[in-house]
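Biologist: I'd like to learn how to read pockets, cavities and helix packing. Could you walk me through them?

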Amino acid sequence: MSDRVAPNNLEAFWMPFTANRQFKKAPRMFASAKNMYYKTVDGRTVLDGTAGLWCVNAGHCRPKITEAIRAQAGELDYAPAFQLGHPKAFELANRLVDLAPQGMGHVFYTNSGSESVDTALKIALAYHRVKGQGERFRLIGRERAYHGINFGGTSVGGIVSNRKMFGTLLTGVDHIPHTHLPEKNAFTRGQPEHGADLADTLERIVALHDPSTVAAVIVEPVAGSTGVLIPPKGYLQRLREICDRHGILLIFDEVITGFGRIGAPFAAEYFGVTPDIMTTAKGLTNGVIPMGAVFVKDEIHDAFMNGPEHMIEFMHGYTYSGNPIASAAGLATLETYQEEGLLTRAKELSPYWEEQLHSLRDSPHVIDIRNLGLIGAIELEPIAGEPTKRAFSAFLKAYEDGLLIRTTGDIIALSPPLIISKSEIDELFDKLRTVLMNNI
């Protein structure tokens, strides 16, 4: 390290999605991790209640994944993905499509959820063009949606604070309403009863713009980063029906819900609704190495496979698409999931998780609780004139007490590694109950 930058100098790193000035006055630093726990630089143990950032589904520093990365780095560190390949990228793709909903037989590699979303949007637009429907250029997202931070994902996303500083973003984008109806669905366990009719708003927007101009609709099956919004019963099915009626592609953003988070390999399987395109990342490599994968239906892939064979069919890709080390990590992650039954474990634990989560209902300032699989949200009443402060104060207190939680606005979001035990669920909610009881 250069002499001019001391190891404890925090100024050079402009941290993402962080209150930088607050953090650097009182840093929260992790030094190591194992299974369900982090260790801080000062030796404290912190229970991971968020799977890192919705991504460490198999727990931390798992031996099979660690060894796969070590071995691959010593064998083949990098290989170009443009006009060249390596075996593990193809092996991983085969393993992935075996898990996917029937008919989704192809994957396109990316390096993150944000890149997966932008790739999916470009595939949708290009697909209509190669089918002779280039007039389909409109993209429809949803209010309060989070689809990453690239220009495409920010444009179809619906979180105001993520959008307001970046100008007009993409043109030709519209949004359907979110599904959060606290006046009707507060403290629902699982899928809410009310709100399926909100999908019908898509019909109005499609009619406004003319169906022949709409390329794709993108939604998170469960909206995660905005505060865990569970789809009402029948809602996703109605979106599928409307898209089918008008020849519009349906994209599921499964960056969070993919790889076992709600009790099935993908939310598409859990809800019984198959999209045309599906974005993934995070749990694909257990969060260890950046990697994403976009799944597409066979007919979408095949539409591009025309013209001279020496010509590139889709002018898109990344330097690190299908990176050898990421591919090795992905294969080892899938093996770990399979050996330990982690892709369905959330289904087994969800009743216990639900009971413990909803036991916090009578804690001070709690105005709603939501859950599905091993995801949970506790919505807090905002402090008058100081939005987000109550939840952020809870985050800081939880960290001091040895628990990692995630906050968005005045909502506490929980998504622990899928290896969590019942005793660790008890520990998580005991700590969180103490925080809420003392969070004024």
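Predicted model: local features only at pLDDT ≥ 70, side-chain atom pairs only at ≥ 80, totals over all residues.

Biologist: Okay, so which helices and strands each supply at least two residues of the lining of the second largest pocket?

Modeller: A pocket is an open set of points, and its lining residues have an atom within 4 Å of a point. Here, helix 4 (87-99), strand 4 (106-110), strand 10 (292-296) and helix 12 (298-304) each give at least two residues to that lining. Helix 4 has the largest share, with five residues.

Biologist: What is the volume of the second largest pocket?

Modeller: About 1,200 Å³. It has 36 lining residues, and Ala81, Val107, Phe108, Glu313 and His316 are the closest to its centre. Sorted by class, the lining has 23 nonpolar, twelve polar and one charged residues.

Biologist: And cavities? How many of 30 Å³ or more are there?

Modeller: In a cavity, a probe fits but cannot get out. This model has three cavities of 30 Å³ or more. The largest cavity has a volume of about 110 Å³. Its lining is made of 13 residues, with His180, Asn185, Pro192, Ile230 and Arg370 nearest the centre. Two elements give two or more residues to this lining, helix 8 (182-185) and strand 11 (366-372). Strand 11 has the largest share, three residues.

Biologist: How do the residues of that lining divide by class?

Modeller: Five are nonpolar, six polar and two charged. Helix 6 (151-156) and helix 7 (160-163) each supply at least two of the lining residues. The split by class is three nonpolar, seven polar and one charged.

Biologist: Now helix packing. What describes two packed helices?

Modeller: The angle between their axes and the distance between the axes. Take helix 14 (residues 342-358) and helix 16 (residues 422-437): their axes come within 10 Å and cross at roughly 20 degrees.

Key
Residues numbered from 1 in each chain as written. Heavy atoms only, no water. 1 Å grid on protein atoms, 1.4 Å probe; cavity = no way out; pocket = protein on both sides within 12 Å on 5 of 7 lines; lining within 4 Å. Points joined across faces, edges and corners; volume = space filled by probe spheres on them. Helix = DSSP H or I, 4+ residues; strand = E, 2+ residues; numbered from the N terminus. Nonpolar A, V, L, I, M, F, W, Y, C, P; charged D, E, K, R; others polar. Axes fitted to C-alpha atoms, helices over the stretch in contact; angles between N-to-C directions.
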